[in-house]
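Open your viewer, load the model and keep the selection tool at hand.

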Amino acid sequence: MRKVVLASRNADKVGELQQLMAGLDFEVVPAGEYPGLPDVIEDGTTIAGNARRKALVTAAYTGEIAVADDTSLEVRVLNGFPDIFAARFSGPGATYASNARLTLELMEGVPEGHRQARFSTAAVWVDPRPGNQPHPVLSPATSRGLHNPWGPHLRYPDAEGEWDYWNGLADRKVAWATYRRMMESDLADWGQDRKRLAEVAHGLFLGCPDALRPGEESTWSGQDGAMRLPDPTIWGLPHPEVEEMMGDAGGQLPRYAPSGLPANAPGLNACGARWLEITALGKVLGHITRQPVGGGGFGYDPVFRPEGEQRTLAEMPADEKNAISHRGKAMRRLLRAVKGAYPKVKAG
């Protein structure tokens, strides 16, 4: 039985994912079983990009299938914030409670009927050694073939200039500048504290070096032992069955391998030349309450009431929440796709 490693150290999220993956014909284990697994700096502009980063590093380090997810909360009246910053919305040392409290404070005075929000989750499955498995995938999930980022490549010769090389390939600075303009274009309505929301947004972007404007100084100091991974899309192959795309792909694939993965990673020698990635999205619409309600769930669950519901996610039993939640939808779609990609495997 092959292993699936859950690429998270958040005990609440791991527990929920294990519930959602019950019945899968794989041995599901938490990342905590691999104490040397490095953290990944989640500095992508999308939840899918951040989930891919975590899954790629986990798959490479362990040599096993990795499943990662990332979640955003978009509040309409806050111009989509906290979005990808949901876990760290209230700044360094953010907690579930402080993030929810800041959201409610910023929405003080917003009337009923204008407190719409959307939870979104991207779930990613990365198999670093799919062998000769077929690759049909059921809609709405998508799959792609990946060139092994840590394959037989060279290391970039100039450590200080390595990030400029990756930026040149993925154009990250342009992506971050575009994202920042979009998120700061209309920061508040309904008379709440526009100035405070602008300050919160400014602080969040100071934590993302590729989003800085000339003259701004980053508050980002990195994470001890953490990896900063280039944009994962650059390793995608046009189609999983195009064998001739292995190798240099006409110069379209990056020449160098990313640094940061420990040389003694147990899975490096087990990984194949091409990998399989499956991605699925799940969303749920709802409203932000005026105060936290309920003692279950985690994160923003106590302040999020799904559309058509009288209860928050935190008031629902786990099975009811998983049936309608963003993460539940994403994982069910992912596992349907897994069943299509691995036809001999039972997917719950």
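## Stop 1

Begin by selecting His147, which stands opposite Arg274 in S10. What you have open is a predicted model, where local features need pLDDT of at least 70, side-chain atom pairs count only at pLDDT 80 or more, and totals for chains, interfaces and linings use all residues. Residues are numbered from 1 along each chain as its sequence is written, and side-chain values use heavy atoms, with hydrogens and water left out.

Helices (H or I, at least four residues) and strands (E, at least two) are DSSP runs, numbered from the N terminus. Two strands pair if DSSP finds at least two bridges between them. Now show strand S6 (residues 142-147) with S10: six bridges join them, and they run antiparallel. Then bring in strand S11 (residues 304-306), joined to S10 by three antiparallel bridges, with His287 opposite Arg305 of S11.

Is S10 enclosed or open? Eleven of its 15 residues are buried, so S10 is largely enclosed by the rest of the structure. Buried here means under 20% relative accessible area, exposed over 50%, and partly exposed in between (1.4 Å probe, protein chains only).

## Stop 1: Asp69

Next, pick Asp69 in strand S3. At 2% relative accessibility, Asp69 counts as buried. Its side chain makes a polar contact with the side chain of Arg327 at 2.8 Å. A polar contact is a pair of N or O atoms within 3.5 Å; within protein, one must be able to donate a hydrogen and the other to accept it, and residues adjacent in sequence count only if both atoms are side-chain atoms. Leaving aside neighbours within four places in sequence, Asp69 is in contact (heavy atoms within 4.5 Å) with residues including Lys13, Lys54 and Thr121.

## Stop 3

Most residues other than glycine have a negative phi, and most peptide bonds are trans. Select Asn79, in the loop between S3 and S4: its phi is near 55°, a positive value. Step along to Phe81 and Pro82, joined by a cis peptide bond with omega of about 5°; Pro82 is found in strand S4.

## Stop 2: the core

Which residues have the most contacts inside the largest nonpolar core? They are Phe81 and Phe85, in a core of 38 residues. A nonpolar core is a set of buried Ala, Val, Leu, Ile, Met, Phe, Trp, Tyr and Cys residues joined through side-chain atoms within 4.5 Å. H6 gives the most to this core, with five residues. Centre on Phe85: leaving aside neighbours within four places in sequence, it is in contact with Trp176, Tyr179, Leu204, Phe205 and Cys208.

## Stop 3: helix H5

Finish at Asp171, in the loop between H4 and H5. Asp171 has a positive phi near 55° and is partly exposed, with a relative accessible area of 42%.
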